[in-house]
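User: I would like to go through some of the labels used for this structure and hear the grounds for each.

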Amino acid sequence: MIPTAFDYQRATSLDDALAKLSASNGAGKLIAGGHSLVPLMKLRLSEPTMLIDIARIPDLAGIREQDGTLEIGAGTVHHDVATSPVLRQHCPVVADTAATIGDPQVRNRGTLGGSLAHADPAADYPAVMLALDAEIHLRSSTAARVVLARDFFQNVLTVDLAPDEIITAVRFAPVRAASYAKLYQRASRFAIVGVAAALDVSDGVIRSARIGLTGAVSHAVRLTTVEAALAGCEPTSRACAEAARLAGSDLEDINGDIHASETYRRAMIPVFTRRALDGALARLTVQS
Amino acid sequence: MAQVSVTVNGKTHTANVEPRLLLVHFLREQLNLTGTHIGCDTSQCGACTVLVDGRSAKSCTIFAVQADGSEITTIEGLARDGRLHPLQEGFWEEHGLQCGYCTPGMIMSAVDLLNEHPSPTEREIRDGIDGNFCRCTGYEHIVNAIQYAANKR
Ligand SMILES: Cc1cc2nc3c(=O)[nH]c(=O)nc-3n(C[C@H](O)[C@H](O)[C@H](O)COP(=O)(O)OP(=O)(O)OC[C@H]3O[C@@H](n4cnc5c(N)ncnc54)[C@H](O)[C@@H]3O)c2cc1C
Ligand code: FES
Ligand code: FES
């Protein structure tokens, strides 16, 4: 036996999970795919005394389109996001991002909600959720609330989520002209640097750009300086290259670890920002 | 203790286990299905890969209780009536192994891959075994072995 002992309960519905969570008086810890939590428990870095399994709640998984908005259930596994026809058609950047996560076995188990709640500094989804300005929908046994991705990620493994809350879904307006560029950590495939860029272009002008960065600092952040530099520009590779040079220049405390030094990461932020922007531009051309 | 009931290679097993028991330990130590290997124990190497409800999964990163009610297939469940599964035959014919430590996990990942891509490209094969490490072969013969099985089906 590798982890410390715990009790296990399986929730059959969202209401059941919320009831179990509040009845546990703070002891209950949610487990979805378990692909962040179980490795931590095996190292005894996390020692929950009760696990509440939400992986089999039918309504928590699935991808829906409604009135021009896309919704992905928090329990949807990465594989199903990566292969979703709806996402491929309306917002391919999300499917692309999911396809870069880990390996097939990880994608068969890990969920969107688990990734957002865990908020690993090198996780992929946070960057794309920032670029899409996504809403993160939360429920507790007494209330429901919505947090924007840009307010959700707060620090290393720290998000705006109370112990008695469950992420139920994310919602966003689809953007076709968006792309994700990732420098892989070769073994785990986490992002050393990952950049998601989404462009809003009309009449030959970039009206606005949203860019999310992961892997580089304590938590995923928007590259607002690059966004501001792009607004009003023509959507050309040259304008993007110019703006991308600013990427990361105003960031402090860049991560450095055995996989990549601080200097290397800093150097890679503009490179991958430019690639993400070029990817978004390429989709713009296909679109029109 | 918690009760788990899982169908492994078509046979249902019910047992009382500690919730912290990992699926790989349940398979190896309680069901004596030692074909599923433990390599890294840190979710990286894929030696412990089995199918859970038809999809490849690292059994060292799942508690047995999470699999309650699931159908599990291990390497022992692939051969039928004494005849090797096309992937097993492929690994034999194409020399897809040296020490063999990674082989059961590699084959279980390949089963999932071929279910999703019956005629995979080389790129798709390599992506499909991305979660499985082999320290011996250099992967070339493994790719050929999977291609052999795809051609055969
Ligand atoms: C070998 C390996 C490689 C990986 N590579 C990558 C990678 O390249 N990129 C990447 O982004 N990730 C990677 N991951 C992490 C993977 O994506 C995880 O699956 C994901 O981070 C967590 O999702 P989960 O469903 O497994 O969550 P769990 O491990 O079950 O839970 C994680 C945390 O989230 C909480 N939680 C889960 N669901 C909810 C919910 N709905 N509401 C509120 N809280 C919830 C849990 O209580 C726990 O604290 C990798 C993991 C492994 C093992
Ligand atoms: S033993 Fe499970 S991934 Fe290595
Ligand atoms: S054959 Fe030895 S590890 Fe793959």
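User: Why is Glu18(B) called partly exposed?

Analyst: The model is predicted, and in it Glu18(B) has a relative accessibility of 25%. Buried means under 20% and exposed means over 50%, so Glu18(B), at 25%, counts as partly exposed.

User: What makes Glu18(B) and Arg20(B) a salt bridge?

Analyst: The closest N and O atoms of Arg20(B) and Glu18(B) are 2.8 Å apart. The cut-off is 4 Å between a side-chain nitrogen of Lys or Arg and a carboxyl oxygen of Asp or Glu, so the pair qualifies. Arg20(B) itself counts as buried, because its relative accessibility is 17% and the limit is under 20%.

User: How many salt bridges are there over all chains?

Analyst: A search of the whole structure finds 26. One of them joins Glu71(A) to Arg171(A), with the closest N and O atoms 2.6 Å apart. Glu71(A) lies in strand S5 (residues 69-73) of chain A and Arg171(A) in strand S10 (residues 166-172) of chain A, so this pair ties together parts that are 100 residues apart in sequence.

User: Which label does each of these two residues get, buried or partly exposed?

Analyst: Glu71(A) has a relative accessible area of 15% and is therefore buried. Arg171(A) has 34% relative accessibility and so counts as partly exposed. The limit that separates the two labels is 20%.

User: What does the salt bridge between Arg283(A) and Asp96(A) tie together?

Analyst: The closest N and O atoms of Arg283(A) and Asp96(A) are 2.8 Å apart. Arg283(A) lies in helix H12 of chain A and Asp96(A) in helix H5 (residues 92-99) of chain A, so the pair ties together parts that are 187 residues apart in sequence. Arg283(A) counts as buried because its relative accessibility is 17%, and Asp96(A), at 22%, is partly exposed.

User: Which residues are linked in a network of salt bridges?

Analyst: Asp133(A), Arg150(A), Arg222(A) and Glu227(A) are linked in this way.

User: What makes Asp250(A), Glu252(A), Asp253(A) and Glu262(A) a negative surface patch?

Analyst: Asp and Glu count as negative, so the four residues of this patch carry like charges. A patch takes residues with over 30% relative accessible area and no salt bridge, and like charges are joined within 9 Å. Glu252(A), one of the four, has 65% relative accessibility and therefore counts as exposed, the cut-off being over 50%. Glu252(A) is found in the loop between helix H11 (237-244) and helix H12 (262-287) of chain A.

User: How do you know that Gln88(B) is buried?

Analyst: Gln88(B) has a relative accessible area of 15%, and buried means under 20%, so the label follows. Gln88(B) is found in helix H2 (residues 86-93) of chain B. Leaving aside neighbours within four places in sequence, Gln88(B) is in contact with Ile75(B), Leu78(B), Ala79(B) and Ile107(B).

User: Which residues of helix H1 in chain B are buried, and what covers them?

Analyst: In H1 (residues 23-30) of chain B, Leu23(B), Val24(B), His25(B), Phe26(B) and Leu27(B) are buried. Their cover includes strand S1 (2-8), strand S2 (11-17), strand S3 (49-52) and strand S5 (71-73) of chain B. H1(B) is followed by Asn32(B), which has a positive phi near 55°.

User: Why is Ala229(A) called partly exposed?

Analyst: Ala229(A) has a relative accessible area of 31%; that value falls between the limits of 20% and 50%, so the label is partly exposed. Ala229(A) is found in helix H10 (residues 224-230) of chain A. Not counting residues up to four places away in sequence, Ala229(A) touches Ala243(A) and Leu246(A).

Terms used
Residues numbered from 1 in each chain as written. Chains lettered and ligands numbered in written order. Predicted model: local features only at pLDDT ≥ 70, side-chain atom pairs only at ≥ 80, totals over all residues. Heavy atoms only, no water. Patch = residues over 30% accessible without salt bridge, like charges linked within 9 Å, V, L, I, M, F, W, Y side chains within 5 Å. Areas by Shrake-Rupley, 256 points an atom, 1.4 Å probe, with all protein chains shown as cover. Charge placed at Lys NZ, Arg CZ, Asp CG, Glu CD. Helix = DSSP H or I, 4+ residues; strand = E, 2+ residues; numbered from the N terminus. Buried < 20%, exposed > 50% of the residue type's maximum accessible area, 1.4 Å probe, protein only. Contact = heavy atoms within 4.5 Å.
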